[in-house]
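Student: I would like to learn how to read a few features of a structure. Please show me the model.

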Amino acid sequence: MTEGHPEEAQRLLAIQDQLQAQQLWDFLEHYEAPRAEQKLLLNAHSRRLVDHIFNNSPLPGKPLFHVDPDTFMNEHSLDAALRAAGAGLMAVDLVMEKKVDNAFCAVRPPGHHAEHDNAMGFCFFNNIAVAAAYALDKYELKRIAIVDFDVHHGNGTEDIFENDSRVMICSSYENPLYPFSGRPTEPGHIINCPLKSGSAGPEFRMAVQKEWLPELEAFKPQLILISAGFDAHWADDMAQLQLTESDYAWVTKKMVQLAEKYSQGRIISMLEGGYVLDALSRSVEQHIRVLMGLD
Ligand SMILES: [Zn+2]
C-alpha cells in the first residue's frame, strides 16, 4: 500500500521463512492461487462493488486509488486481491475433492471487512465469503461454519451472510474496536463474542468453550472455514487483546476435532490480519502444525 503500512508484503515472506526455519515447509503441498473469476466474486459481492474495484485499478506509474482512508490500490493490488479470493476457491475444490486433508491460504490482501457492497479495512473482496458461497453452490452444502478469531469483527462476512442460515458465523473480537460492528448473537446462525480490551487466553478460551462449541456441535457443519487473523496476539499493537501462540494452537485443535466429527476433517483456513511479523509467523506456524496433525 504505502511505505510503513502494516498490511505489507513482508507478512507472507515472514510466514514462509518461519515454516522453512521450522522445517515444516517441505512437508506441505504448495499451490499457486489462480485469479478468481468475476462471476464467483458476484456470489458474495454486488456488481457495483466489483466494477468499482476493477474500474479504479491504477495503471502502472499512476497514483494509488484510495478505497478508504487506510486502504489503497496500486497497479498490482487487483491481481493480488483476485488471487487471494482465488486461493479460497481452489482450496474448496482441493478439500472437497479430497486431494488434500485441509488447507491454509497464505493470502493478502485480507478479506473479512469487505461487505456485499463495500470494500474497506485493507480488504477488497471477502475471500472467505467468496469461498463459502462457492462451496454452498458447487458442492450443494447445507451447513458451513465460518470461524473468525481476528481481533477485528468480520463485519463483511456478517453482512454477506446475515440472511443465509446455511452459514454459521462464530466470531471473537475486541470490543469496542474498528469496525465497531457485530450484532447480538442469533443462536444457530451468528455467534458473536466481543472481548474487552486487555482480555487474554482464559477469556478467549472461555468464550469459545461456552459460546462457539455448543453452537457448532448443534449445527454439525459439513465444512469449517477459518478467518485466521493473528492480530489478537499480545505483541500485535493493532489492538489490545493478549493471545499467545498456544491459544491459536488450542482453538485450531478444537476446530480440527469438530471437523473430524462432523466435516470429514474438512477445514480451510485463510489468513486475515496479523501485523507484527515475528508474532504472526510463530502463530501461523502453530496453527499449521495443528492442521498437519503434528501437535
Ligand atoms: Zn484484524
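Predicted model: local features only at pLDDT ≥ 70, side-chain atom pairs only at ≥ 80, totals over all residues.

Tutor: Residues are numbered from 1 along each chain as its sequence is written.

Student: Which residues of the largest nonpolar core touch the most other members?

Tutor: A nonpolar core is a set of buried Ala, Val, Leu, Ile, Met, Phe, Trp, Tyr and Cys residues joined through C-beta atoms within 7 Å. A residue is buried if 20 or more other C-beta atoms lie within 10 Å of its own, exposed if 12 or fewer, and partly exposed in between, with C-beta atoms placed from the backbone. Here the largest core has 93 residues, and Val130, Ala131, Ala132, Ala145, Ile224, Leu225 and Ile268 touch the most other members. Helix 4 (residues 77-96) gives the most to this core, with 10 residues; helices are DSSP runs (H or I, at least four residues), numbered from the N terminus.

Student: At roughly what angle do the axes of helix 4 and helix 5 cross?

Tutor: Axes are lines fitted to C-alpha atoms over the stretch in contact, and angles run from 0 to 180 degrees between N-to-C directions. For helix 4 and helix 5 (residues 127-138), the axes cross at roughly 35° and come within 8 Å.

Student: Is Arg47 buried or exposed?

Tutor: Arg47, found in helix 3 (residues 47-55), is exposed because 11 other C-beta atoms lie within 10 Å. Arg47 and Trp212 are 165 residues apart in sequence and 33 Å apart in space, C-alpha to C-alpha.

Terms used: Helix = DSSP H or I, 4+ residues; strand = E, 2+ residues; numbered from the N terminus.
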